Amino acid sequence: MASSSSSAALNPTLVRNNKGSLPQKTPYSTRRHGFLNFPSTPSSSKRSLNCERRFCGVGVVKASATTAELEVARDRTAGDEGRRVLRVGLICGGPSAERGISLNSARSVLDHIQGDDLHVSAYYIDCNLKPYAISSAQVYSNTPADFDFKLESLAQGFESLSDFVEHLATSVDIVFPVIHGRFGEDGGIQELLEKSNIPFVGTQSNECRNAFDKYDASSELDKQGFVTVPSFLIQGSESEETELSTWFITNNIDVEQGKVVVKPTRAGSSIGVTVAYGVTDSLTKANAIISEGIDDKVIVEIFLEGGREFTTIVLDVGSGFDCQPVALLPTEVELLSHGIADSSEKDIIFNYRRKYLPTQQVAYHTPPHFPEDVITNIREGASLLFQRLGLRDFARIDGWFLPPSAHTSYLTGNKFGRSESGTIVFTDINLISGMEQTSFLFQQASKVGFSHSNILRTVIQHACLRFPDIRQASPSPRKESSQTNKAFPKHQNPRKVFVIFGGDTSERQVSLMSGTNVWLNLQSFDDLEVIPCLLAPSNEYSSNMDSDETNSGVSSRMVWSLPYSVVLRHTTEEVLDACIEAIEPVRAVLTSRLRSQVMDDILEGLKKHDWFRGFDISDDLPKKYSLDQWIKQAKQDGATVFIAVHGGIGEDGTLQSLLEAEGVPYTGPGVAASKTCMDKVATSVALEHLTAEGVLTISKDVRKKEDLSKMQPVEIWKELTSKLRSKTLCVKPARDGCSTGVARLCCDGDLEVYIKALESCLPRIQPNSLSKAHGMIEMPIPPPKLLIFEPFVETDEITFSSQLSSGNAHELLWKGNSRWVEITVGVIGKRGSMRSLTPSVTVKENGDILSLEEKFQGGTGINLTPPPLSIISNEALEKCKSRIELIANTLHLEGFSRIDAFVNVDSGEVLIIEVNTVPGMTPSTVLIHQALANQPPMYPHRFFRSLLDFGSERYL
């Protein structure tokens, strides 16, 4: 590894006194990762190859740490060779509905900036604006609810925001706020920091307030000469109906049925945004926004018919207070109507769900499919807007392109944005853009040569320029990608790793998230060259085929080796489209030309700064292989394959068999174990002899899909409930991944709905379509050939209360009547010696079945890791873990897997649900929570490296 010789020398007079800055019980993270700066010369020394780049032998100071331990840890963060370490305070959470997304952003930032020259301390502000110092481990929680109820005991709470700011003033050099929405983007946190002269990343408070309020921002843009959308402000007064009617008439909109957009003035991420028809409907929806507490000011805007939405990141590359904004390549947000079964969504908008959850209802194009002069005008306009509104460091600006064919008579004046090619309208300004792994920030930055780490550190470095006391300590970029620019030396003989994800099961989007996360985490190791690969879907293949059918022709399926920027998509369909588009000659030439323009603009500003070492992502093209060719390439390269394909050939032993035939090492269980665990009936049969050991299995009835259509649902229901001796049943595919197609059936009417969904090949069953309340049920496509019916196991409801008579504390509520709770637990190790991680109690937010989102998508779902003692004792938990290990070793698992089960909280008996041999590995997966609960904690990079090493040793 390279030394950080490019960092400025430590100036002792600039170091603040850290002593006494944290009370004794603070879970303040003092670990020092092995991130290093880029080498200043090709001859820079390197550490041993087996040295991990992150978390090099430095543990996390626990909540019970002594002051002495804190001081020792702080000494370690001082870095090597007397370099000064920049201390960054990362603040997430907040009072808005976006606090879950804020946690996702904080997790991503933490992953990519912490290093030997930069130390991150994490902070969380709850919905009541109470601040806490939290451990880095807590940042990896799935949702704030995962730890809200534990904050008082596990985190260091501050009595007031004033106390919090006083702590920041002595404990960090600069603050990086990643609070989305209220208090984060409205100037709240910024004003707090300004009053105490604490440096921070981003725009000042006054400018935040002006830009965050959509009505005020639109008025200011109009004054500055930009085209704006006519809007009307609603604040709940009785006279507004008459005034709104007048506004409708003035803008030639039908008072009864005219189509408009209604949205809060001060809420981000499309929260509360809806389409309305006419004055009455507009007022009803506006008042609903006000009554729900989303905002007390609502605007009504003209619906931009025929418009095409875009968003662009603007990066400030100037010096100090000299603003020099550069807009990156914009992204077109194309809303698609296919796949929408809900008639209430006929007017699709880019709402919260479509922004943050994988969906085929949205496609993204970077650069947009707009005329080239329009793209240029968008970049120029966004940069000008950034400068005119006094924004700083970076921001995301959204808008619409209206082609000449669109109706634009309501857009008056000869202002910026009009041209022969159409009209550009800027509508929303995001002061703290989302920073999840595949967010617009990283999509657009990677298109012009920035890795995740490089763009984040560049933003921080730029912010430091405004503060002379810390600018000398600003960090340098570090090595990030295996697809880096040649200016950044790599290890001479890195070991190759092919991370494969995708496929064509209903879990393919989760697979993309898993593979992306694994790829990004493994890139931090200097001795690895990690190549992301997409297993393309195939119409000829289905996860429901018999193994004899799948072996013929499966090796001819397509695999794409992907460049950095192409991976950062929300769906596998997007990735595949991006691959095809990237190699299309005309499109490739245009993208290359636009990329060069942006890079030249960026270099013009950043070349003045000695800390900027250049771009670190090369402009590679995707490569296409047959699966057979790809496996042979892996063998030729001596690569290990990290399997992240959920369901289908990734989990049924097919891919494992093909790799074994060529002697290519891979992660996870072998062929036989994969086949057994993919078949839920075979899994039960393999474990049924363990009853005396406290391992129980559930009675099952297997039915062919075609047979379900031959009988009346009422007759089938009578047969099933009689045979299984249960009035309530659980149905699931016999050979598909977890959560897909799983539903609770309470009557023959529910069964009829489910059968019709199978017959109609519906991609999902809409919420509350069955007799008992439930969330969205994702269905396997194509429908499974075999289905399993089981007795539905009643577990005790676990809920949270945040409004108690005792104050603002959060509390876990559990009655414990049945004494059974649902758990999920990871197992890792070598065959025959698998060990259980700390189990997690799963909490369902909607209905009785965990949705695909709740299991894998950050910001959704709740997991309690470790299980609270109020639910299960340590003794019962240890018995449970022993039985989980017995299950893993009986099934001959190896590497890693995840086991879902019910556990009796008194006896520790385990009732098995299913075993996943390729479990979810998304940024917020429960496996990460469990690895972090280990002692010592195993952080994501080390966890995934351990899984890789288990696979690499398969043939040793």
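Q: Why is helix α13 called roughly parallel to helix α21?
A: In this predicted model, the axes of α13 (residues 372-388) and α21 (residues 585-606) come within 12 Å and cross at roughly 20°, where axes are lines fitted to C-alpha atoms, for helices over the stretch in contact, and angles run from 0 to 180 degrees between N-to-C directions. Angles under 35 degrees count as roughly parallel, and that makes α13 roughly parallel to α21. The crossing of the two helices is right-handed, a word used if the near helix is turned clockwise from the far one by less than a right angle.

Q: Which residues make the contact between α13 and α21?
A: From α13 come E372, I375 and R379, and they meet L590, R593, L594, Q597, V598 and D601 in α21, contact being heavy atoms within 4.5 Å. Sorted by kind, the residues of this contact are four nonpolar, one polar and four charged.

Q: What makes β4 and β5 the edges of their sheet?
A: The five strands of this open sheet stand in the order β4-β3-β2-β1-β5, with mixed pairing, and two strands pair if DSSP finds at least two bridges between them. Because β4 (156-157) and β5 (174-177) each have a single partner strand, one side of each is left without a neighbour in the sheet.

Q: How do you know that β2 and β3 pair?
A: Strand β2 (residues 118-125) and strand β3 (residues 131-134) share four bridges in the antiparallel sense, and Y124 stands opposite Y132 in β3. Helix α2 (residues 99-113) lies across β1 (86-93), β2 and β5, and it runs at about 160° to β1.

Q: What makes β23 and β25 edge strands?
A: Here four strands form an open sheet in the order β23-β28-β24-β25, with antiparallel pairing. Since β23 (701-704) and β25 (743-745) each have a single partner strand, one side of each is left without a neighbour in the sheet. Strand β24 (residues 729-733) pairs with β25 over three bridges in the antiparallel sense, and V731 stands opposite A743 in β25. Across β24, β25 and β28 (786-791) lies helix α28 (residues 748-759), running at about 140° to β25.

Q: How confident is the predictor in the protein?
A: The mean pLDDT, a confidence in each residue from 0 to 100, is 83, and 81% of the residues reach 70 or more. Over residues 1-81, however, pLDDT stays under 50, although the model has 202 contacts beyond four places in sequence for them.

Q: Which limits apply to these values?
A: In this predicted model, local features need pLDDT of at least 70 and side-chain atom pairs count only at pLDDT 80 or more, while totals for chains, interfaces and linings use all residues. Residues are numbered from 1 along each chain as its sequence is written, and side-chain values use heavy atoms, with hydrogens and water left out.

Key
Angles under 35 degrees count as roughly parallel, over 145 as roughly antiparallel, 65 to 115 as roughly perpendicular and the rest as oblique. Ala, Val, Leu, Ile, Met, Phe, Trp, Tyr, Cys and Pro count as nonpolar, Asp, Glu, Lys and Arg as charged, and the others, Gly among them, as polar.
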